Structures are given as structure tokens and as C-alpha cells.
Amino acid sequence: MPTVKSVCGGCHNSCPILVEVENGRVVRTSGVPGDPRTGGAICSKGQAGPQIAHDPRRLMYPVARTGARGDGKWERLSWDEAIAKLAGKIDAAVASEGPRSVGFIRGQAPGWGFTYDMTQRLAHAVGTDVGMGASECFVPRAVMEGVTYGGMPSHCDYDNADLLIFWGKQPAFSVAPSLRKIYDAHERGARLVCVDPLHFHLAATADEVLQPEPGTDLAIMLAMIYVIVEEGLWDAEFVDSYTNDPGLKRLAAHVRGANRQGVPYTPEWAEGISGVPAAATRSLAVEYATTKRAGIVSGHGLEGRVNVSQTTRALCILRAITGHLDRIGCDVFTPKSPDRDPNFTLIDHVVPGFRPTHPTKMFHVPPYNHPDSSWPLLFGGQGLIPTPDMYRLMSEGRLKVAILQGANIMVTQPQPEVTRASMANVDFVCVIDPYLSETAQLADLVLPAATYLERTEPEWFKSDAWLPIVTLRQKCVTVGEALPDTQIMVKLGRALGFDEEFPTEEIDYYIDEDLAPSGITVAQLRERPHGIPFGSIEYEKFKKAGFKAPGGKVNIYSEVLAENGFDPLPSWIEPSESLRARPDLASEYPCVLFTGRSGPMYVHEQRRTIPWLREMQPEPYLWLNSAWARELGIEDGEIVEVSSPRGSIRVKAEPTPIIKRGWLYVPGGWRDANYNVMGIDDELDPISSQANYTMCAGRVDKISGRRGER
């Protein structure tokens with residue numbers, strides 16, 4: 001039985017896998033024994049590879065709408081017909097309204113490495129830019145880390161850390177293979193601390209758990225900074241030599257009361273907001289500051305709030321004032337990608353005369369702010385038009401053609417009816433997806449995308465540990481007429497007449513072009529499909545080169561934010577619908593309602609058609625505190641109504657002790673009980689554009705006793 005060495009694409013971890021193929025079908029996927037990152041482990045998503053590739057529910061050929069949008073009436077097209085149809089619509093829009101009347105809307109599913117480069121290449125050939133995909137997660141944090149110290153620490157040094165703090169990060173869900181390294185560290189004596197509203201999975205075995213009210217992490221961080229400053233626990237040598245606030249004069253004044261609230265950010269103050277005991281916050285601050293080798297692993301749990309940018313800034317400052325940056329056992333900067341051709345994405349087509357001075361290291365970002373981007377710092381972080389701006393362009397009818405790639409926005413974006421109304425104002429919608437998804441049902445043309453087991457592409461994007469290694473995902477099978485996203489970009493580019501930019505349909509050509517500055521080729525990757533290093537892990541690089549922030553130092557006081565009219569030091573910002581911010585809602589919606597990942601088997605709304613994964617979590621649920629549920633008369637398995645000021649869903653109740661009284665947790669991604677019906681879409685972080693979509697005010701009611709029937 002042939003075995004192909006490849007790379008999993010179930011999420012962003014890019015774990016190496018062995019793929020067994022028989023008679024043109026994937027029959028088994030397994031980890032690679034001895035791999036330095038995974039030790040041979042793969043998660044449930046990786047193990048489900050055979051069912052993901054051969055899911056009979058997939059769309060196997062291109063289809064075009066024949067009835068009204070949403071009627072579900074389709075006709076089959078050949079690829080030549082489908083590409084010609086889409087190219088004709090693009091040409092007509094460009095001729096009548098200009099290139100920026102064409103929008104490429106990008107989701108998570110295809111990945112953010114080479115496949116994103118290829119989408120940008122086509123968009124810039126057309127004369128437009130890619131949108132969405134940055135406002136929702138990761139990029140707001142990355143941008144704030146960039147303005148603070150010039151980059152994002154990408155490798156937590158598990159092997160040498162004595163303290164690991166997981167803040168808004170549940171590795172059992174998002175980076176399961178890294179649990180091996182985490183527990184290896186724990187067994188040799190490293191302490192594990194979890195800061196999470198849910199006391200489960202990693203927190204169940206942690207040495208300490210802090211359970212803040214969702215959206216209040218910033219208050220705890222500010223209080224920790226206060227303790228470290230007041231007790232003189234900061235690393236004076238690092239702060240005085242490598243930051244722009246020697247002696248912490250500006251920061252000390254800020255946390256002592258020279259802030260927006262005009263109050264000292266004490267642990268007692270933070271307790272009144274977060275619910276975390278002041279003693280626990282003070283203890284964690286002291287432990288973090290006095291443990292020489294300590295790391296903070298943060299995640300999406302800090303996001304989806306209007307305070308995400310300043311929360312990240314506070315986290316950056318915690319690392320900086322304790323000297324836990326780029327040192328052994330701490331959070332380390334490593335290369336984010338192999339050196340890549342800085343004009344591979346054809347930036348010179350949108351910036352005439354573009355003359356790059358160095359290779360691309362992460363994202364190909366055009367050197368301008370898109371004229372329709374209202375959040376320049378966000379666009380400058382990844383080159384994506386922010387999500388609110390894309391919605392505005394659709395709503396105003398300025399997008400004549402929208403191409404949605406790996407983005408099921410009808411399920412993943414807050415307020416689905418807002419999405420539906422926005423899409424209705426676009427003349428022609430094309431969706432590229434393995435399924436006739438909820439979003440695809442509203443399209444005019446749907447192109448079947450291949451899964452990761454049907455694609456060949458280099459992979460360097462890793463979300464668990466950014467080890468500087470590029471690997472090769474190799475095509476193992478062909479399923480129906482589905483094509484890789486990269487191949488679709490090439491076909492469309494050629495159909496649009498960009499023969500110089502897309503001279504061949506051979507993907508190897510584009511891989512070699514993109515990676516040319518690194519000296520890495522497809523041929524080399526095939527010989528070593530599980531690893532060609534493009535850098536090394538080096539500690540304390542700042543001693544030689546400083547930091548890539550203004551002044552060459554860590555910007556505790558952010559010069560970039562100050563220049564753009566934002567607070568240069570983080571002050572407390574309430575989530576937009578906490579009961580402190582909205583006491584008028586307390587009588588009608590007295591609960592904290594929040595969302596997050598559904599489990600280790602799913603990514604966003606994906607994989608719910610896969611039997612092996614669906615067995616693990618077959619239906620949506622609501623978690624509420626067990627004792628509180630008994631008082632409410634809500635039983636395990638009972639269908640209840642959960643609502644917010646914007647909408648309601650019906651869902652099965654699962655009482656549990658892992659959540660606090662008065663809190664309601666509804667995991668995301670479920671079509672039939674979609675948290676986003678209740679979520680907030682129009683309260684935005686002024687720096688990053690991120691909506692306050694992961695938490696709001698809510699309530700739970702028994703169906704027999706819901707409002708209007710009492």
C-alpha cells in the first residue's frame with residue numbers, strides 16, 4: 001500500500017503526516033514517529049483525513065445558479081465554462097467600474113501561506129486587494145505586538161520554561177499535538193497556569209486556574225503590571241537598556257492613576273471587574289516576575305472584544321517589564337517564513353515602480369493603506385481590507401463581483417442576516433468551497449475546492465510552535481473534479497489574459513518563484529518533505545540588533561499608537577455589552593453569554609459532516625453552572641431558549657461545574673444553533689476593527705416558561 005509523506009491541513013498547525021492510499025482512496029492518516037514537533041501525534045481532525053477527503057456530501061463539480069438566490073437550483077458546468085463565466089463577470093466589472101469593484105474575500109480554510117500568496121497574486125493582477133480574514137482573529141494581536149516590539153514571539157520555549165501561562169488559549173482544542181511538550185515540561189517541574197473562563201481540559205491538570213469574566217482579561221493584566229511596578233519586581237536592566245520607558249516612569253504613573261479611569265489599577269480594582277480574587281492576581285504577578293524562565297501562550301480567547309488591541313498591549317508590556325522576551329525558557333522570536341520573492345504577489349501592479357529592498361518574511365503587504373480601509377494599522381499588518389469595510393463595500397453596491405474563498409460567512413460572522421443583506425447587493429457572487437455551504441447557497445457560481453489531501457504546496461505557517469522549517473504538502477488523491485485553490489487562481493488568471501503573470505498551470509513553477517530568495521525548491525522539498533530549515537532558534541537577538549519598533553526599543557509607550565491618535569499606554573476598556581457597560585440590560589439580560597471553539601474535532605464551522613468527528617460531538621449545546629441550573633429547574637439534555645438583545649436560539653442544556661453561575665457558554669460553528677444570531681456585529685475595536693462578537697448580555701429560559709408564555 002503506497003504511503004505518501006505529507007502535511008495535515010485540518011487546521012494551522014501543519015503537522016507532518018503519513019497518508020496511506022489504496023485504489024485511489026485515502027485509507028489511513030497517521031503521525032510521523034519521532035517528529036521534533038509532534039512526536040508522532042496527530043489530533044482527531046488529522047485522523048479523520050480519509051473521511052474528509054471522501055465525504056460524499058462534497059461538491060464534486062462546478063455549478064451555476066438557475067433559480068433565485070437561495071432556491072437551491074443549480075446546473076452543472078465544466079471547468080472551462082465556469083472559469084469563462086467568472087472571468088467574463090470580472091472583465092465586465094473592471095471595464096465599467098474599475099478593478100476595485102472586484103473583491104476577493106478570504107477565509108481561514110485554505111490556509112495563510114502559499115495559498116494566500118496565490119490569491120494575492122491574482123487580486124493584484126486584477127488591480128484590487130484581498131479582504132476579510134484579518135479582523136476576526138490573530139492579526140489584531142500580531143499588529144499590537146508589532147507596534148510594541150516589532151514582531152510576534154512565535155515560539156514558547158517549552159523545553160526550558162519553568163512557568164507556562166496559557167491565557168485565552170486551550171491547546172487541547174487548537175494545538176493538540178503540542179500537549180506532549182506541555183506535559184513533558186510539567187513532568188520535569190514547570191508550573192502550568194491557565195487563565196480561562198472555563199475550568200476544563202488543560203486547566204483540569206494545571207497547578208493554578210484563574211477564571212475571569214469573559215472579556216475582562218485586560219483588567220487582570222493591568223493589575224499584574226501594577227503589582228510588578230509597585231513591588232519593584234521589574235527587570236531594571238532590560239527595561240532601562242531595551243525599552244523606551246527607562247525607570248518605568250510613564251508606565252508607573254499610568255497604572256497608579258494617570259489613566260482614563262483616574263484610579264490605581266490594583267488587584268482589588270481588577271477583582272471588582274473580573275471576579276478573580278485579588279490575592280490570585282497578585283500571586284500570579286509575583287510568580288511571573290520572579291520566575292526567570294517563564295512564557296505566556298495567548299490565543300483567540302482574548303479576542304472578539306472591543307478591547308482586544310489594548311489587551312494585547314498589556315500582555316506585551318508584562319513580557320517586556322519582566323524581561324521575558326527572546327530569552328531561554330521565555331517567548332522567543334523566530335523567523336515566520338522562508339525568505340520569499342517580495343514581488344511574487346505582483347505588488348508592482350498596484351504600486352507602479354515598486355522596488356522592494358528585502359525578501360518577504362511573513363505576509364506580502366502592499367506599502368499603502370487601501371483607500372477603502374478605515375483601519376490602516378490592520379491593513380498594514382496583513383494587507384487585507386478589514387471585514388467591516390468589506391461589508392460596507394458590499395452593502396453600498398460598490399462590489400460588483402465578490403469571490404469568497406474558504407469563507408462560510410453566513411455561519412461564522414455575527415448577525416447572519418446582515419451578511420445575507422450585504423451579499424444581496426453584490427451583482428455576482430462566486431464561492432470556492434468543498435461544499436455547497438450556507439454561503440454558497442446564496443452564490444451565482446460555486447467552484448469545488450480540493451481538500452488538503454488533494455493539493456501540493458509548501459507549508460510554513462504553524463500555530464503551535466513556529467519552528468523555522470518549511471515542509472511540503474503533497475497531493476495524495478484526486479476526488480471528483482475538485483481543484484486546489486491555487487490551481488483555480490491560475491486558471492482564472494490565465495482566462496483573464498494575465499499570461500505573463502500566470503505562464504503555466506504547473507504549480508511547481510509558482511512555488512519555486514515564491515521561495516526563490518530562500519534557495520528552497522520543490523525538488524528539494526520532495527526529497528525532504530518533512531523539513532528544510534529556513535532559520536534557527538536564537539536567544540537574545542536584541543543584544544545585537546535591538547527591536548524592530550520605533551527607536552529600536554520595546555515601545556512600552558507606543559509611539560505608533562500615539563501618532564495615530566490612540567492611547568499609547570493601555571487603559572481599561574469595558575466589553576461593549578458587559579452589565580457594567582450596559583446596566584440598562586441587567587433586568588432583561590442578566591447573564592454573560594459567550595462563545596468559543598466547539599472542541600478539538602472542529603475548526604470554526606468545518607468538519608461537521610464527518611462521521612468520526614460528529615460522533616465525538618454530535619450536536620450543539622449550552623453550558624451553564626450545575627447548581628444554578630438546578631435552581632432554574634433546567635435538567636441535563638433539556639432544550640432551552642438562549643437569547644440576547646439581537647436574537648435567540650434553542651439548544652440542549654448541559655449543566656456543568658466548569659463554568660461560573662450566571663455565565664452561558666454556547667460553542668460556535670453550529671448552523672442549527674448559531675451563536676452569531678445573538679452576537680454583536682457593530683461595536684468595533686477602534687484600532688483593529690474587531691467586533692465584540694464573542695460575548696454579550698444574554699439570558700436562558702425554559703421553553704415552557706419563556707417570555708410571553710409565563
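Ala, Val, Leu, Ile, Met, Phe, Trp, Tyr, Cys and Pro count here as nonpolar, Asp, Glu, Lys and Arg as charged, and the others, Gly among them, as polar. The model is predicted, so local features need pLDDT of at least 70 and side-chain atom pairs count only at pLDDT 80 or more, while totals for chains, interfaces and linings use all residues. Residues are numbered from 1 along each chain as its sequence is written, and side-chain values use heavy atoms, with hydrogens and water left out.

A cavity is a set of points, on a 1 Å grid over the protein atoms alone, where a 1.4 Å probe fits but cannot get out; a pocket is an open set with protein on both sides within 12 Å along at least five of seven lines, and lining residues have an atom within 4 Å of a point. There are three cavities of 30 Å³ or more. The largest cavity holds about 90 Å³, and of its 13 lining residues Cys11, His12, Pro110, Gly111 and Glu459 are the closest to the centre. Its lining has five nonpolar, five polar and three charged residues.

The second largest pocket has a volume of about 1,500 Å³. It is lined by 48 residues, of which Gly150, Gly151, Lys361, Met362 and Lys548 are the closest to its centre. Helix H5 (139-149), helix H14 (376-382) and H21 each give two or more residues to this lining; helices are DSSP runs (H or I, at least four residues) and strands likewise (E, at least two), numbered from the N terminus. H5 supplies the largest share, six residues. By class, the lining has 25 nonpolar, 14 polar and nine charged residues.

The structure also holds 45 salt bridges, each a side-chain nitrogen of Lys or Arg within 4 Å of a carboxyl oxygen of Asp or Glu. In one of them, Asp55 meets Arg57 at 2.9 Å, N to O. Asp55 counts as buried because its relative accessibility is 1%, whereas Arg57, at 47%, is partly exposed; buried means under 20% relative accessible area, exposed over 50%, and partly exposed in between (1.4 Å probe, protein chains only).

Another salt bridge pairs Arg256 with Glu230, the closest N and O atoms being 2.4 Å apart. This pair links distant parts of the chain, 26 residues apart: Arg256 lies in the loop between helix H10 (249-255) and helix H11 (267-274), Glu230 in helix H8 (residues 217-230). Arg256 is partly exposed at 45% relative accessibility, and Glu230 is partly exposed at 38%.

Terms used
Points joined across faces, edges and corners; volume = space filled by probe spheres on them.
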